[in-house]
Amino acid sequence: MIREFYSDPLDPLAKQFMFRRPPTIGELRRPPQVLMLGNHSSGKSTFVNHLLGMEVQKTGVAPTDDNFTIITYGPHETDRDGPSVVSNPDLPYEGLRHFGDQLVSHIRLKLQPADLLRTVTLIDSPGMIDEAKEENGRGFDFPGVVRWFADRADLVMIFFDPDKPGTTGETLQVFKESLNGIDHKLLIVLNKMDQCQNLHDFARAYGALCWNLGKVIPRKDLPMIYNTFVPLEGKPKSELPLEDFDKARNDLINELRRAPTRRMDNQITQMQAFAERLRLHVFVIDEAARRYRRSRERSYATLVLLFAALGVGAFVTGFILAIPALAVVAAAAAALLELVSLPRKKKRLINQFDEIFEGLHDRELLVRDRAEDLRAMWEEVHPRAREVAEKRGLQSFEKMNWLDREVLNELIEQDIPRLRSELYDALRNVSLDVSPPSEGQPAVEESADLEEQPTVPVAPNDRGSFSWGKRNPG
Ligand SMILES: Nc1nc2c(ncn2[C@@H]2O[C@H](COP(=O)(O)OP(=O)(O)O)[C@@H](O)[C@H]2O)c(=O)[nH]1
Ligand SMILES: [Mg+2]
C-alpha cells in the first residue's frame, strides 16, 4: 500500500517538480531495525548476545570493537565485510558509501540463524568515546553515520552504565547532531545495574544520568529510563533487589520485539512527512509559475495590442512605410521583454516564495499549533524550492493538473490518516498472530546471495498488548 502511494502520486510529482527522491524500494522493504548506541563497555554487545542467546559479538572491558555490525537473519552463520555490504543493491546500506572508505572498513554484516533476527535486524555500534582527545580519531563522520542509521532505525537504544553515566564528548555530540527529532524512537537504558552494590550507588548513577540528560534533551519532563542489567556468571552479587531490573529488561525486550509494528507506523510517518513537504514545495512553485505565466501572457498581449493599434493607425493615416519599422520595434520590444523584464519578474517571484506560502496557507496559519508546524516545515523546504526554481526557471514547470492536486490532498488528508487508523485497529483486534507487514521483509540468505525471503508472522509483543507509545518498565 505504502509503495503504491509512492509510485503514484508521490514519485511522479517529486520528479516533475524536482523534489528530493522518495525512499527506494530497497529502503521500503528493509527489515525492522534496532540500533544500539552507547559508551564503550556499557554492555551493548553483551545485551545483543543475551537477546540472541548466542555469542555473536565480542565483549570486554577494553574497547574491543570499533565496528558498526549489522546482525541479521541467515540460515547459516556467515560474516561479510563492509565493501561487499555497501555495494550490494539488494541490501539497504548503499547510502553508507558516501561516508568514505574509512567507515566502510568499519562495517560488518553478520548472518545468524537466531529466531529473533527473522523479524528484527540489530545494529551494534562502536562505543562512544568520552575523552576529548580521542574525539576526532575515527577518520569518518561518526555523528553523521549514527544519524544515518538512526533515521532508518525503528528503535534506537542508547546504553549508559554506572561507571560512565555522563553525557560528554561524543555522546553529547551524538545527542545534539544525530538524535534530535527522533525521541519517539529512543529508549534510554541505564545498564549494568547489578554493579551498584547498594541504594547509594544506584541513586548516584541514576541522578548523574538524569543530570546529564537534562543538558542534552530539550524537554521538560524526564524521559523513561530502563534500569537494568544482563545476568552474567562470575559477577559480584548486588545487595539491591534485582526483580525490578529484571522486569525492565523484559520490557525492553518486548519493545524490541515490537519493532516490526513500529516499522509500519514509522513508514506511515515517513510517507506523511514526505507528502506534506512535497505538497508545500509543489504548490508554492506551481503558484509562482502560474503568476509568471500570467504576467508573461499579459505583457505579450499588451505588446501585441499596442503594435497592432499602431500598425492600424499607420495604415489608416497612410504611413504605410512606417509599418516595417514598427515591426522591427515590436521585435526589439519582445526581445527586451524576454531578456530583461521577464527574468526580473522571475527573480522577484522567487524572492516572494515566503509571501506565496503565506498566501496559500492563510487559513491554516491562523491556527497556532498548526502554524508552527507548517512554518517549520516550510523553512525546511524553502531552500530546495528556491534552488530548483532558480536553476530550472519558473517557465519550465508545466501547470499542475487539477487531478494531481486533488490526489495529493486526498492522500494527506484522508488516505494517510485512514492507513494509520487501520493499523491501530488491526493491532487492537489482533490477539497474538498479527499478519506480516505487507511491504515484506528481506532477510539475507547465504547461498542465494541475499535474495528475498518470505515474511514471517510477527507478534507485536509477547503478551499481545500494543501500547508502544506508553512505556512502562520497572
Ligand atoms: N556486571 C555486569 N557486567 C556487564 C553487564 N553487561 C556487560 N557487562 C560487562 O561489561 C563489559 C563490556 O561489555 P560489552 O558488551 O563489551 O560492552 P560494549 O562495549 O558496550 O559492547 C564486559 O566485560 C561485560 O562482561 C551487566 O549487565 N552487568
Ligand atoms: Mg561492543
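Predicted model: local features only at pLDDT ≥ 70, side-chain atom pairs only at ≥ 80, totals over all residues.
A polar contact here is a pair of N or O atoms within 3.5 Å; within protein, one must be able to donate a hydrogen and the other to accept it, and residues adjacent in sequence count only if both atoms are side-chain atoms. Ser45 makes one with ligand 1: a polar side-chain atom of this residue sits 2.7 Å from a ligand oxygen.

Residues count from 1 along each chain as written, chains are lettered from A and ligands numbered from 1 in the order written, and side-chain values use heavy atoms, leaving out hydrogens and water.

Around ligand 1 there are 18 residues, and Ser41, Ser45, Thr46, Asp194 and Val230 come nearest (near means a heavy atom within 4 Å). This shell splits into four nonpolar, ten polar and four charged residues (Asp, Glu, Lys and Arg are charged; Ala, Val, Leu, Ile, Met, Phe, Trp, Tyr, Cys and Pro nonpolar; the others, Gly among them, polar). Ser41 has a phi near 70°, a positive value in a residue other than glycine. It lies in the loop between strand 1 (33-38) and helix 3 (44-52) (DSSP runs numbered from the N terminus: helices H or I, at least four residues; strands E, at least two).

Ligand 1 sits in the second largest pocket, meaning that more than half of its atoms lie within 2 Å of the pocket's grid points. A pocket is an open set of points on a 1 Å grid over the protein atoms alone, where a 1.4 Å probe fits, with protein on both sides within 12 Å along at least five of seven lines; lining residues have an atom within 4 Å of a point. The largest pocket is lined by 34 residues, and helix 10 gives the largest share, eleven.
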